[in-house]
Amino acid sequence: MKTYNTDLHLHSPHSIAVSQKLNLDTMVKTSEKKGLDILSTGDILQPEWMKYMENNLLKEEGGVFSYKNVNFILQTEIEDEESIHHVVFFPDFESVREVQNKLEPSSKNILDEWGGRPRVNLSPAEIVDIVTDLGGIIGPAHAFTPFKAIFRQGRFKTLEECYQDASKKIDFLELGLSANTELADHLECLEDISFLSNSDAHSQNPRSLGREFNKFLLDSPSFEEILQALRRKNSRKIELNVGLHPKLGKYYKMFCGKCRRRILFKKSKKQISMPFSQYSITENFVIYFANDPESSKVEYINNVAEKKITCPACKEETGNNYKIKLGVSERIATISTYDEPVHPDHRPKYINAIPLIDIIRALKGIKSTNSKTVNKAYNKIIETLGQEFYILIDLPIEEISKYDKEIADVIQAFRNDEITYTPGGGGTYGNIKLDV
Ligand SMILES: [Zn+2]
Ligand SMILES: [Zn+2]
């Protein structure tokens, strides 16, 4: 048995907002820099992408697919009639085609050029039955995000509520960028389920592809082995989840549904008599001042959950009322069954990480996500010290320090969970704060 770094949720240029440069060659190039062994194809139900993959992937013995040095799992994302996203894996192209045929009558865009993530007007349970009957594996995608997710505000609180009898056929749950094991293990209904941490990449850029990944212990990089690992059978398993710190995700904090400002609480210098009456408005935040920010926040979240709170910034700017929506952290708090996370024995360790390219950007004070200076520095450190995941997770800090003391300090800080973050929310990624 061997470990494989695995990213199992990607897209293709046939989904909106995806880089047209994303293809097998660019995926493999980034994988070599990062240390990824298995990728998913993304969007495999889309006819042109399916043909491209079928023509280019080499099929080896035991149902293993490969392109150059990277192995591939056939994968797509599907949106159901409840607007919930699901991640799906297939054993072979035959089952991809069978599922495509079965779903086609219920989907307007599954055969479209832009149908990379098809909308299928069937219930969650109906889609699970079709996929699993034809040999596939399925689970909810980015399960806690405020949009398009099973546990979003106002929707389901348990897997059973959503999938009913088909919930037994769910083999995993994808955490999403704004959640980790620490947060998700507040829900008792997830104790038997394996968690995946995947990038949901829309680009081959090393800050996107593999920004989250799973370390699998497998005998070979096949669909069948992945399935056994998700079910924790025959010593196959996920050994480690690595993902962005949830605060770096786009949906961690509650936000205004209209202006997308994030909501924060701070301790007030003066005594405040009316709760939520004192606040300041900035470009990206509404900051409430409170005598006891923690307890005020709990009260506020309960009100947001009941859709009772509107955005004071929008009121000032437009005179209209727009609702505040729960972010991932607050949504989990409202549907938690445990006050503290309870990790089942099988749960692997989760490392909150920061993509190396974002560490370099932050240290150089460069905002652009496509800076030549940053890309050059990234390529140089990889050439000198080794693959990104090795540098971030395994390489002794002294070794990194000999190369670059500043980078070593940031990596040590996140390994020790000592980084301060500006939390993301409302569609904006969070940031690391290096000055504290
Ligand atoms: Zn999605
Ligand atoms: Zn607003």
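# Notebook: salt bridges, a cavity and a zinc site

**Entry 1: a first pair.** I found that Asp129 forms a salt bridge with Lys169, with 2.6 Å between the closest N and O atoms. This pair links distant parts of the chain, as Asp129 sits in helix α4 and Lys169 in the loop between α5 (159–163) and β8 (172–174), 40 residues apart. For my own reference, a salt bridge is a side-chain nitrogen of Lys or Arg within 4 Å of a carboxyl oxygen of Asp or Glu. Helices (H or I, at least four residues) and strands (E, at least two) are DSSP runs, numbered from the N terminus.

I noted that this is a predicted model, where local features need pLDDT of at least 70, side-chain atom pairs count only at pLDDT 80 or more, and totals for chains, interfaces and linings use all residues. Residues are numbered from 1 along each chain as its sequence is written, chains are lettered from A and ligands numbered from 1 in the order in which they are written, and side-chain values use heavy atoms, with hydrogens and water left out.

**Entry 2: are these side chains buried or exposed?** I looked up Asp129, which is partly exposed at 29% relative accessible area. Lys169 is also partly exposed, at 31%. The cut-offs are under 20% relative accessible area for buried, over 50% for exposed, and partly exposed in between (1.4 Å probe, protein chains only).

Entry 3: How many salt bridges does the structure hold? I read off 19. One of them joins the side chains of Arg117 and Glu77, at 2.5 Å from N to O. Arg117 lies in the loop between α3 (93–103) and α4 (124–133) and Glu77 in strand β5 (residues 70–79), so the pair ties together parts that are 40 residues apart in sequence. Arg117 is partly exposed at 23% relative accessibility, while Glu77 is buried at 0%.

Next I checked Glu225 and Arg236, whose side chains meet in a salt bridge of 2.8 Å, N to O. Glu225 is in helix α7 (residues 223–230) and Arg236 in the loop between α7 and β11 (237–244), eleven residues apart. Glu225 is buried at 8% relative accessibility, and Arg236 is buried at 15%. I also saw Glu79, Arg119 and Lys148 linked in a network of salt bridges.

**Entry 4: the zinc ion.** Which residues coordinate the zinc ion (ligand 1)? They are Glu77 (OE), His85 (ND1) and His142 (NE2), at 2.1 to 2.2 Å. Donors are N, O and S atoms within 2.8 Å of the metal (3.2 Å for Na, K and Ca); water is not among the atoms, so sites may look incomplete. I wrote down the spacing of the donor residues in sequence as E-x7-H-x56-H. His85 is buried, with 5% relative accessible area. Glu77, from my salt-bridge entry, turns up here again as a donor.

**Entry 5: domains.** The domain assignment, automatic or from a database, gives domain 1 (2–248), domain 2 (255–325) and domain 3 (355–421). The centres of domain 1 and domain 2, over C-alpha atoms, are 36 Å apart.

**Entry 6: the lining of the largest cavity.** Here I looked at which residues take part. Among them are Lys34, Phe213, Ile354 and Glu388. Lining residues have an atom within 4 Å of a point on a 1 Å grid over the protein atoms alone, and a cavity is a set of points where a 1.4 Å probe fits but cannot get out. Domain 1 (2–248) and domain 3 (355–421) both give residues to this lining, so the largest cavity lies between them.

Definitions and conventions:
On a 1 Å grid over the protein atoms alone, a cavity is a set of points where a 1.4 Å probe fits but cannot get out, and a pocket is an open set with protein on both sides within 12 Å along at least five of seven lines; lining residues have an atom within 4 Å of a point.
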